[in-house]
Amino acid sequence: TYTVLKKLCDRGIFKTEDSTVTSLIKKDEFYAIQSEKFVEETFHGSLPAFIAAFDTRKKPTKEEIEEIKKLIDSYK
C-alpha cells in the first residue's frame, strides 16, 4: 500500500515522481541491506554468531566451509 511505499521512499530505496516509482538501488544491494539488518536485529550484529547458528541444525559441507574461508581471506 501507499504507507509501505512511502516508508521505502523515506529509506532511499525508491522514489516517486509524477506517479512513477523508480528504484534507487540495485536488487543485490537491497538484499545486502536486508541481510545486514537481519544480522543486526537477530544476532546483535555478530557475524560469527550468525554463522554459528547454522551449525546447530545443519553441519556445513566441506565445500561450504572452503567458500566461507575464501570469502574471509578476500577481506584480509
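What is the accessible surface of the protein, and what share of it belongs to carbon and sulfur atoms? In this predicted model, the accessible surface comes to about 6900 Å² (Shrake-Rupley method, 1.4 Å probe), and 58% of it belongs to carbon and sulfur atoms. Local features need pLDDT of at least 70, side-chain atom pairs count only at pLDDT 80 or more, and totals for chains, interfaces and linings use all residues. Residues are numbered from 1 along each chain as its sequence is written, and side-chain values use heavy atoms, without hydrogens or water.

**Fold and overall shape**
- The protein has four helices and two strands, in the order α-β-β-α-α-α from the N terminus; these are DSSP runs (helices H or I, at least four residues; strands E, at least two).
- The radius of gyration, taken over C-alpha atoms, is 17 Å, well over the 11 Å of the globule rule (2.2 Å times the number of residues to the power 0.38) for 76 residues, so the protein is more spread out than a compact globule.
- Along the principal axes, the C-alpha atoms fill a box of roughly 50 × 25 × 20 Å.

- Of the contacts (heavy atoms within 4.5 Å) with a separation of 6 or more, 3% join residues 24 or more positions apart.

**Lining elements**
- The lining of the largest pocket draws at least two residues from each of α3 (47–55) and α4 (62–74), with α3 giving the largest share, five residues.
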